[in-house]
Amino acid sequence: SGFNSIGHMDTMLRRRHHIGHYKEGEEFIQNVFHVLFQLFSGKEKSNLSVCWLQYEISKVVQCLQTKKKKKLKAQGRKTKKLVKNFLKAPENRNNLSLWKLYAYLEWLLGNTDDARKVFDTALCTAGTGGLKSPQLCSLSLLYAQLEVELLETLEGTAMSRAVHILTKLAESGPYVPYNGQVLPVNVLKARKTYEHALQDHLSKTPVSDQDHVSYASQLVNLVGCYALFQYLTVGIDAAVLIYAKTSEKLEAPDPQKCENTGEDLGSQNFSAALEAVTVLHTNLLRFHMKISVYPLNPLREALTEALKRYPSNQSLWRSYIHIQRKSHSASKARRFFDGVTRSTNSLEPWLFAIQAEQMRKKLIENVQRAGVGEIHCTIPETGLTNRIVALFEHAVQSENGTHCPLLWRMYLNFLV
């Protein structure tokens, strides 16, 4: 009863209560984790710990979104206890993925200083792998991204904590916690190191399937770190240039690689890497628009291009809806949604098209009711209602839509 992420309706409001995870479903998941935990050991057990912790953190995020302070406190305590138990196990002491999640959890709970201590501890004990260590890159990237999100302006960012983290990563030496200054000479050296590291990585040809997977994830982390470093020390155009170069390189198939038999798997991984790089690119543009004046067009173009290629990427759709809400003309977005739904079997374009129209309907109703209180407006907005019903009808007739419980529930909810 509702333990499937597609099954529970956390996107819908029922009176004042926001629907979250069902009690029986929760018990079921906890039982599954406990049972599996007895069966695994070593690397598998560590991976399972990471999955379990990610699941618990998703509930913390849900509490933050619904602004339930009491529930957030209880969930935070429970998750912290779990992660501390995991880190006590000898095989997990140096597991950077767990340390990364622990620091992220503290950050989400608003304990910024504690989170920084956890990040610093993890980076100090992680060794000196530098840009060659995928886990170290991933940890530093998250730390730097969270620090950048705290910035309110782009003045003096070259001296910020985020630049210190990314510079230390490029130096491949032992990590030293931030002391309030970054030397310009170290920034210049780091830039050269990043440039060479990215060139080397892009010129490499992975051999086995396993190599392909690690190559792709390492490339995404490397590009993310380098672009963020350039953004903070040079500017937005320098960061966008790195994303553009990487995308160009990943899009162009290598004639030698096409002759290899493992081409399918390789191209899948390159496609996943390209998708992840695109998400980083659009997120950075969105952030930059939030803290400074910047035209909307580059972001809109990047999103429309990306969504034609990755129609089932929810993060990109959320960004697209977010920027379309600011526009008073719905026709362009409607044409785009229509084009994407015709060219793909994915269900996401339908769900987001419906959500965009529902937001528009809510906005219009709020404007019409302004100053009248909760009295329903005398002229109902029927045009949008009919459009939303038509979207639902088309969506449930599609092959994937017919079998999607969430879609049917949303439709019933809307009709009620």
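At what angle do the axes of helix α6 and helix α7 cross, and within what distance do they come? The legends below begin with this pair, and the model they describe is predicted.

**Figure 1. Helices α6 and α7 in contact.** Helix α6 spans residues 134–149 and helix α7 spans residues 161–171; their axes come within 8 Å and cross at roughly 165 degrees. Angles over 145 degrees count as roughly antiparallel, and α6 is therefore roughly antiparallel to α7. The crossing in which α6 passes α7 is left-handed. On the side of α6, the contact is made by Leu136, Cys137, Ser140, Tyr143, Ala144, Glu147 and Val148. On the side of α7, Arg161, Ala162, Ile165, Leu166 and Leu169 take part. Sorted by class, the residues of this contact comprise 9 nonpolar, 1 polar and 2 charged.

**Figure 2. Helices α1 and α2 packed together.** Helix α1, residues 23–39, packs with α2 at an angle of about 160 degrees, and the two axes are 10 Å apart. This angle makes α1 roughly antiparallel to α2. Here α1 passes α2 in a left-handed crossing. From α1, the residues that meet α2 are Glu26, Ile29, Gln30, Phe33, His34, Leu36 and Phe37. Their counterparts in α2 are Lys45, Leu48, Ser49, Cys51, Trp52, Tyr55, Glu56 and Lys59. The residues of the contact of α1 with α2 divide into 8 nonpolar, 3 polar and 4 charged.

**Figure 3. The edge-to-face pair of tryptophan 52 and phenylalanine 86.** A pair of aromatic rings is described by the distance of the centres and the angle of the planes. The structure holds 19 aromatic pairs. In the pair shown here, the ring centres of tryptophan 52 and phenylalanine 86 lie 5.7 Å apart and the planes stand at 65 degrees, so the pair is edge-to-face. Tryptophan 52 belongs to helix α2 (residues 42–66) and phenylalanine 86 to helix α3 (residues 69–88); the pair thus links distant parts of the chain, 34 residues apart. Both tryptophan 52 and phenylalanine 86 are buried. Ring pairs also join Phe33, Phe37, Trp52, Tyr55 and Phe86 into a cluster.

**Figure 4. The stacked pair of phenylalanine 119 and tyrosine 143.** The centres of these two rings, of phenylalanine 119 and tyrosine 143, are 4.3 Å apart and their planes are at 5 degrees, so the pair is stacked. Because phenylalanine 119 lies in helix α5 (residues 112–125) and tyrosine 143 in helix α6, the pair ties together parts that are 24 residues apart in sequence. Phenylalanine 119 is buried, as is tyrosine 143.

**Figure 5. Lysine 67 and serine 172, two loop residues with positive phi.** Most residues other than glycine have a negative phi. Lysine 67, although not a glycine, has a positive phi of about 55 degrees. Lysine 67 lies in the loop between α2 and α3. Its relative accessibility is 72%, so lysine 67 counts as exposed. Serine 172, likewise a residue other than glycine, has a positive phi near 60 degrees. The loop that holds serine 172 runs between α7 and α8 (184–203). With a relative accessibility of 34%, serine 172 counts as partly exposed.

Conventions
Residues are numbered from 1 along each chain as its sequence is written. This is a predicted model: local features need pLDDT of at least 70, side-chain atom pairs count only at pLDDT 80 or more; totals for chains, interfaces and linings use all residues. Side-chain values use heavy atoms; hydrogens and water are left out. Axes are lines fitted to C-alpha atoms, for helices over the stretch in contact, and angles run from 0 to 180 degrees between N-to-C directions. Helices (H or I, at least four residues) and strands (E, at least two) are DSSP runs, numbered from the N terminus. Angles under 35 degrees count as roughly parallel, over 145 as roughly antiparallel, 65 to 115 as roughly perpendicular and the rest as oblique. A crossing is left-handed if the near helix is turned anticlockwise from the far one by less than a right angle, and right-handed if clockwise. Contact means heavy atoms within 4.5 Å. Ala, Val, Leu, Ile, Met, Phe, Trp, Tyr, Cys and Pro count as nonpolar, Asp, Glu, Lys and Arg as charged, and the others, Gly among them, as polar. Rings of Phe, Tyr and Trp (its six-membered ring) pair if their centres lie within 6.5 Å; planes under 30 degrees apart count as stacked, over 60 as edge-to-face and the rest as tilted. Buried means under 20% relative accessible area, exposed over 50%, partly exposed in between (1.4 Å probe, protein chains only).
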